Amino acid sequence: HSTSRKRTQEEFLPLLAYIDANGEMKDILFDGYLFLMSGSLPSGNAGHASFTKSDCEWLVKTLFEEGSNINALEKAAGQVKQALGLNGYKYKFYVSLYYPKANGFFGDLDGDGVADTLTTLEKRLQAVEYYIKIFEAELAKQNFQNIEFCGYYWYDEAASVEENDMVLINGVSDIVHDHGYQ
């Protein structure tokens with residue numbers, strides 16, 4: 001997938017509901033959805049290779065863009081719930097956390113006007129927390145009735161001994177738990 005990939009309400013419907021040959025919704029299908037924005041990020045990096053501050057901002061903007069992605073899931077979920085009489089039911093969704101590569105360029109992490117390079121574990125964790133904070137700030141502005149955010153997914157799906165990733169992953173886990181998610 002490329003960075004321009006945006007899911008629409010129509011694309012979500014056959015994932016949310018079993019639709020028979022007559023086009024009628026009969027039951028729910030999947031109950032949880034992962035927004036795994038794969039492919040190149042605007043910086044040119046891939047999410048498993050590293051990400052920058054501007055990538056974080058682009059990801060949040062794209063995830064919450066009106067008419068696509070999370071908002072499209074909300075609308076499609078409402079359509080399915082109404083058709084099936086699922087009052088009070090909420091579909092779950094998750095978003096990916098991207099890899100803060102050691103020595104990767106990020107951008108200004110601490111507001112001092114100087115771009116930071118992720119030279120320490122602390123800076124790498126700050127980069128992940130920056131993304132979590134801006135995502136959750138945007139999430140707090142929403143009034144979703146049909147979906148609920150349930151947690152994060154580690155995009156990289158791996159751990160490198162050279163990068164000391166187990167310490168990084170444990171630190172990311174602590175941040176996520178501090179924010180009340182899994």
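I looked up Y131 to begin with: at 1% relative accessibility it counts as buried, where buried means under 20% relative accessible area, exposed over 50% and partly exposed in between (1.4 Å probe, protein chains only). The model is predicted, so I note that local features need pLDDT of at least 70, that side-chain atom pairs count only at pLDDT 80 or more, and that totals for chains, interfaces and linings use all residues. Residues are numbered from 1 along each chain as its sequence is written, and side-chain values use heavy atoms, with hydrogens and water left out.

**Aromatic pairs**

I searched the whole structure for aromatic pairs and found 18. Rings of Phe, Tyr and Trp (its six-membered ring) pair if their centres lie within 6.5 Å; planes under 30 degrees apart count as stacked, over 60 as edge-to-face and the rest as tilted. Y131 pairs edge-to-face with Y98, at 6.1 Å centre to centre and 75° between the planes. This pair links distant parts of the chain: Y98 lies in the loop between β4 and β5 (105-107), Y131 in helix α4 (residues 121-140), and they are 33 residues apart. Helices (H or I, at least four residues) and strands (E, at least two) are DSSP runs, numbered from the N terminus. Y98 is buried at 2% relative accessibility.

I then checked F149 and Y152: their ring centres are 5.0 Å apart and their planes stand at 70°, so this pair is edge-to-face. F149 is buried with a relative accessible area of 10%, and for Y152 I also noted buried, at 10%. Both belong to one aromatic cluster, whose members include F12, Y33, F35 and F93.

In helix α1 (residues 9-16) I found F12, L13 and L16 buried. Seen down the helix axis, these buried residues fall within an arc of 115° (taken from the directions from the axis to the C-beta atoms), so they line one face of α1. They pack against β1 (17-19), β2 (25-28), β3 (32-35), α3 (69-84) and β4 (91-97), with contact meaning heavy atoms within 4.5 Å.

Which residues of β3 are on its covered face, and which on the uncovered one? Y33 and F35 are on the covered face, G32 and L34 on the uncovered one. In a regular strand the side chains alternate between the two faces of the sheet. β3 and β4 run parallel and are joined by four bridges; two strands pair if DSSP finds at least two bridges between them.

**Salt bridges**

The whole structure holds nine salt bridges, each a side-chain nitrogen of Lys or Arg within 4 Å of a carboxyl oxygen of Asp or Glu. E11 bridges to R7, with the closest N and O atoms 3.8 Å apart; E11 is partly exposed at 27%, and R7 at 29%. K26 meets E24 at 3.7 Å, N to O, and a network of salt bridges links D20, E24 and K26. E138 and K141 meet at 3.3 Å, N to O. Here E138 is partly exposed at 22%, whereas K141 is exposed at 62%.

**Cysteines**

How many disulfides are there? I count zero, taking a disulfide as a pair of cysteine sulfur atoms within 2.5 Å. C56 is buried at 0% relative accessibility, and C150 is partly exposed at 21%.
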